[in-house]
Amino acid sequence: MEGERFLNHRTPEELEKWKNTGKTEGSEDSMKELETEFNSFEQEVGLLDTVGPKAREIIGQDCNMVSACVSRPYPLVVDRAKGSVVRDIDGKEYIDFVAGIAVMNAGYSNPEVQAAISAQLEKMVHCGYGDFFAEPPLKLAKKLRDLSGYSKVFYCNSGAESIEAAMKLSLWKTKRQNFISFYNAFHGRTLGALSLTCSKVRHKEHFPTIRTVHTDYAYCYRCPLNLDYPSCGIECAKQIENLVFRRELSPEDTAAVFVEPIQGEGGYIVPPVEFHKEVRRICTDNDVLLVADEVQTGCFRTGPFLAMENFEVRADITCLAKALGSGLPIGAMLADNELMDWPPGVHSNTFGGNLLSSAAALASLEFLEKENTENHVREMGAHIRHRLRELQENFPCIGDVRGLGLMTGVEIVKPDKSIDPVRRDKIIREAFKDGVLLLPCGDSVIRFSPPLVMTDEEADLGLDKFEKALKKAVR
Ligand SMILES: Cc1ncc(COP(=O)(O)O)c(C=O)c1O
C-alpha cells in the first residue's frame with residue numbers, strides 16, 4: 001500500500017476531539033487502544049458508522065493482527081467486484097475509481113481472464129520457472145514483445161521487484177554505481193527502489209540508500225523553478241546536464257536515469273512532451289541508460305500500451321507490474337537483447353513467470369487489445385477531465401485538473417493555492433460514504449484511475465457523487 005493516508009493529516013482540532021471522545025464500540029482489544037487507526041476512523045468522522053457490522057468486526061480484528069505500517073484511507077472491507085463496481089462485505093456497492101491501485105484495468109471478474117485462470121488452474125499453478133521452461137510465460141513474452149517492441153523480458157512479482165531488476169541490469173551493464181531520479185518519484189519500497197523514490201520522507205527515514213541524485217520533475221502547476229511553460233525551455237530537465245552532471249554526479253558514474261512517464265504516487269503529475277524528449281536526449285548524449293517506470297502508467301492506462309508512447313520516447317529499459325497480471329502478482333522488466341545479455345545466475349527468483357499469473361496477464365492483454373481500449377481510454381479520460389473542469393469553475397478548492405487517458409489527478413488547494421490535504425481527505429471520505437472509491441496521492445491530490453472498462457453511466461454517476469462530496473467538504 002502506498003501513499004499517505006488521511007490519518008496523517010490530523011488537525012489540532014481533530015486531535016482534541018479524539019481525546020475528548022468517550023468510549024466507542026469495537027472489539028475488546030481495540031477498545032484499549034484509543035489511538036489505533038480503528039478508533040481513529042470512528043472517532044474522527046464517524047466513518048465506521050457508515051459501514052456494516054461485518055466490516056466493523058473485520059477491521060477491529062485486522063487492526064490487532066496486521067502490521068500497522070499499512071494504512072487505509074477509509075474502512076472499506078471488500079467482498080466481491082464486477083467490472084467497475086466493488087461490493088463490500090455487508091453488501092454495499094461502490095463505484096470504483098481506484099481499480100485496486102491501477103491494477104484492474106480489464107475490470108473485476110473479467111470473464112475472459114477468469115476463464116484463462118481456471119484453465120491454467122486445472123493444469124498447473126507454479127513450476128519454478130527460474131529453473132524450468134513452460135509455455136504460458138513464453139506466450140506472454142511474445143505478446144509483450146509485440147505490444148512494446150522490446151525483444152526480451154525478465155519476470156518478477158511486483159513493481160518494486162521490476163525496478164530492482166532494472167537497477168541491477170543497469171549496474172551490471174555499465175559497471176557504474178549511481179542513479180538519477182526525480183523529486184516526487186515513487187518507484188517502490190524495497191531498499192534499492194526506495195533509493196530512487198523521493199515522494200515522502202516517511203518512506204525513507206531510517207533506511208539506507210544506494211546513491212541516487214534527485215532532480216526536478218516538470219511539475220508545471222507548482223514549478224520547482226518558478227518558471228512558466230513553455231517559456232521555461234524545460235529548464236527542469238536541462239538541470240541534469242547543467243547542474244547534476246557538472247556539480248554532483250558525473251555521467252561516467254551514472255548507471256541510469258529512472259523516470260515515471262507520469263508521476264503517480266507523487267501527485268499524478270503530467271509533464272509536457274518536451275520534458276521526456278529532453279531527458280531522453282540527455283541520456284543518449286551522455287551515454288547513460290534511461291529506465292521508464294511504467295508500473296502504474298503501463299498496460300493501456302493512458303491509452304497506448306506504454307505511456308511513453310504519448311511522449312514519443314523510447315526508454316532503454318521499461319518496468320511493468322500492477323495491471324499486467326489483472327490482479328495476480330507479476331512484474332516484468334523489458335529491454336532489448338543487446339542490453340539484456342547478462343549471463344545465467346546473475347539474477348533470478350522463485351515466482352517470476354508464475355504459470356497462473358502469466359495466463360492471467362496474457363488473457364488480460366488480449367482482452368484489452370481487442371476491445372479498442374486505447375480509444376475508449378482517451379475518450380473517457382477526456383470526458384472525466386471535462387466534467388472535473390466544469391466542477392472547478394464552481395469549486396475554487398479545485399486548483400488543477402490534469403491527466404492522460406484514465407489517469408487523472410485533481411489538486412485540492414486553499415484560496416492562496418497552497419496545498420490542502422485536510423480538505424482533500426474530507427472529500428475522499430465524503431465520497432466513500434456515498435459509495436465512491438477514490439485515493440489520495442501527492443501532497444494534496446485526489447486520483448481517478450478507474451478500471452479501463454468503466455462505462456459512461458458509471459463514470460457519470462461516480463462524478464455526480466463526487467460533486468456531492470465536494471459540496472459537503474467545502475461547507
Ligand atoms: C510508478 C510505480 N513504481 C513502482 C511501484 C511499486 O510497485 P509495487 O507496489 O508493486 O512494489 C509503484 C506502486 O505504486 C508505482 O506506482
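Me: Where is the pLDDT below 50?
Reply: The chain averages a pLDDT of 92, and 91% of the residues score at least 70. Residues 1–12 fall below 50, with 25 contacts in the model beyond near neighbours in sequence. Where pLDDT is low, the predicted coordinates should not be read in detail. A further stretch below 50, with 37 such contacts, is residues 21–43.

Me: At what angle do α6 and α13 pack, and is that parallel or antiparallel?
Reply: The axes of α6 and α13 are 8 Å apart. Their angle is about 155 degrees. Angles over 145 degrees count as roughly antiparallel. So α6 is roughly antiparallel to α13.

Me: Is the crossing of α6 and α13 left-handed or right-handed, and which residues make the contact?
Reply: The crossing of α6 and α13 is right-handed. From α13 come L355, L356, A359, A360, L362, A363, S364 and F367. By class, the contact has 11 nonpolar, 2 polar and 1 charged residues. From α6 come E112, V113, A116, I117, Q120 and L121.

Me: Is the crossing of α7 and α13 left-handed or right-handed?
Reply: Helix α7 covers residues 135–148 and helix α13 covers 355–370. Their axes come within 8 Å and cross at roughly 35 degrees. The crossing is left-handed.

Me: Which residues of α7 meet α13?
Reply: On the α13 side, the contact uses L355, S358, A359, A361, L362 and L365. The contact of α7 with α13 has 9 nonpolar, 1 polar and 2 charged residues. The α7 side is P136, P137, K139, L140, K143 and L147.

Me: At what angle do the axes of α15 and α16 cross, and why is α15 oblique to α16?
Reply: Helix α15 runs over residues 421–433, and helix α16 over 456–474. Their axes come within 8 Å and cross at roughly 130 degrees. That angle makes α15 oblique to α16.

Me: Which residues of α15 meet α16, and how many in the contact are charged?
Reply: The α15 residues are R423, K426, I427, E430 and A431. They meet K465, F466, A469, L470, K472 and A473 of α16. The contact has 6 nonpolar residues and no polar ones. The charged residues number 5.

Me: Which residues does a cis peptide bond join?
Reply: Most residues other than glycine have a negative phi, and most peptide bonds are trans. The cis bond has an omega of about 5 degrees. P230 is in the loop between β6 (212–215) and α11 (235–248). The bond joins Y229 and P230.

Me: What is the phi of S109?
Reply: S109 sits in the loop between α5 (99–102) and α6 (111–123). Its phi is positive, in a residue other than glycine. The value is near 50 degrees.

Terms used. Residues numbered from 1 in each chain as written. Predicted model: local features only at pLDDT ≥ 70, side-chain atom pairs only at ≥ 80, totals over all residues. Axes fitted to C-alpha atoms, helices over the stretch in contact; angles between N-to-C directions. Helix = DSSP H or I, 4+ residues; strand = E, 2+ residues; numbered from the N terminus. Parallel < 35°, antiparallel > 145°, perpendicular 65-115°, else oblique. Contact = placed C-beta atoms within 7 Å. Nonpolar A, V, L, I, M, F, W, Y, C, P; charged D, E, K, R; others polar. pLDDT = per-residue confidence, 0-100. Left-handed = near helix turned anticlockwise from the far one by under 90°.
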